[in-house]
Amino acid sequence: MYLAIDNCTNFASVCLYDSNILYENTWLAKEQHTTTTLPTIEKAMLSLGRNFNELKGIVCAKGPGSFNGARAGMSLGIGLGMSLNIPVVFVSAMEENALPFKDSGLNIICLMDAGRGEIYTATYQSLNDRLTIIQEEHISTLNEILYKITCPTIFCGEYVNQTSTSIKEKLGSMAIIATFAQNIRRASFLIEAGLPKLQEAQDEVPAPLYLRKPPITLSNKTVGLPKQDN
Amino acid sequence: MAKTKEYYCLTVNDTQRIGCLLGQHAFSGALFLCGGDLGAGKTCLAKGIAYGLNISEEITSPTFVLIKEYYDGRLPLYHMDLYRLDDQTSIFDLGLDDYIYGQGVSVIEWAEKATSGLFPSEYLYIQISLEKEGRRLKLEAHGALYEELLEEMP
């Protein structure tokens, strides 16, 4: 049996899989990932009559998104992995979002709110029923993203619900907008993306995918306030 | 040149009154960075901001817990204090982004301890300095929204 955990945004999702989906739950956790995720998994195990000892591997979403959310989910996964002595692998939350469209034959752009008018985004290409990343996760703005579109593209991700009108206005029929149900990430897709990695036994060094990391030099000196570019 | 406004506060009440005005004019996502020596009145100012946001919970210093969150006002208030953090990695590891890029109002004491790049380029910087009697509050607006906020202040 395998477990997937995604805590990367206000939405949390967990999935248990054993040749088939045994359990999946996606809920609005807001800032309560730490208090709701493990109890949800425990309840699922209980209702299925299964046990944590039966787990063979864990897949965690590594971001981008909420820094604290991603860390909470990854810590839980890593902690369980260590105590059960099973491998833990990490998958981009954007890949999880884009995976349902892997056989579309189109480009897929994932959008996630980064606050202050900025967006986390990544672009995938669906080719031969597989996803290939063509632009890695980065921070951008909606205008910048839309400006570069030259071919029919699927837009998915939580932020699409709020921006679909602007996307349609700008791109017309070139934009294929995912539905609100498709825009929420589901941990079953995390399993689908992570299983090959688990089967190759790629035990990874955990690192959250954090796109706003400032260049930090380990120093005890105070270096003042942010500089203004004016 | 950043737009500034200065206030002279003789008493604790005066400092809180300025904080209250800031709280009343604060907008969703506002970032207030506070600087000033120990005992200058940064937490006192934060109490005023909370009052201006109609928060009824008591505001206490977040020096030891690092971050406190208050949700019962007009907007959420995130009150943070970097005093105890000495290296940039520890500050980064706090995960301040979820707060300062969130929907509430963030007040960060000892903001000067964080390196550039950790905060967005738009914010209000509030420098509190001790005078012979009372305090001097210098408000420095970085970004159009904060300039507007300063203009709304008396």
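Reply: B:Asp86 and B:Lys113 form a salt bridge whose closest N and O atoms are 2.9 Å apart; the term denotes a side-chain nitrogen of Lys or Arg within 4 Å of a carboxyl oxygen of Asp or Glu. Because B:Asp86 lies in the loop between strand E4 (77-81) and H3 of chain B, and B:Lys113 in the loop between strand E5 (105-109) and E6 of chain B, the pair ties together parts that are 27 residues apart in sequence. Helices (H or I, at least four residues) and strands (E, at least two) are DSSP runs, numbered from the N terminus. B:Lys113 is buried, with a relative accessible area of 12%, whereas B:Asp86, with 48%, is partly exposed. Buried here means under 20% relative accessible area, exposed over 50%, and partly exposed in between (1.4 Å probe, protein chains only).

The model is predicted: local features need pLDDT of at least 70, side-chain atom pairs count only at pLDDT 80 or more, and totals for chains, interfaces and linings use all residues. Residues are numbered from 1 along each chain as its sequence is written, chains are lettered from A and ligands numbered from 1 in the order in which they are written, and side-chain values use heavy atoms, with hydrogens and water left out.

Over all chains the count is 14 salt bridges. One of them joins A:Arg71 to B:Asp93 at 3.9 Å, N to O. This pair crosses between chains, from helix H2 (residues 67-84) of chain A to helix H3 (residues 88-93) of chain B. A:Arg71 is partly exposed at 22% relative accessibility, and B:Asp93 is partly exposed at 37%. In chain B, the side chains of B:Arg136 and B:Glu131 also meet in a salt bridge, at 3.4 Å from N to O.

Chain A is divided into domain 1 (2-93 + 185-199) and domain 2 (97-183), with bounds from an automatic or database domain assignment. Two salt bridges are counted between these domains of chain A. A:Lys102 pairs with A:Glu192 in a salt bridge, the closest N and O atoms being 3.3 Å apart. A network of salt bridges links A:Asp6, A:Glu96, A:Glu158 and A:Arg185.

B:Ile49, in helix H2 (residues 42-52) of chain B, is buried at 0% relative accessibility. Not counting residues up to four places away in sequence, B:Ile49 touches several residues, including B:Phe32, B:Leu77 and B:Val107, where contact means heavy atoms within 4.5 Å.
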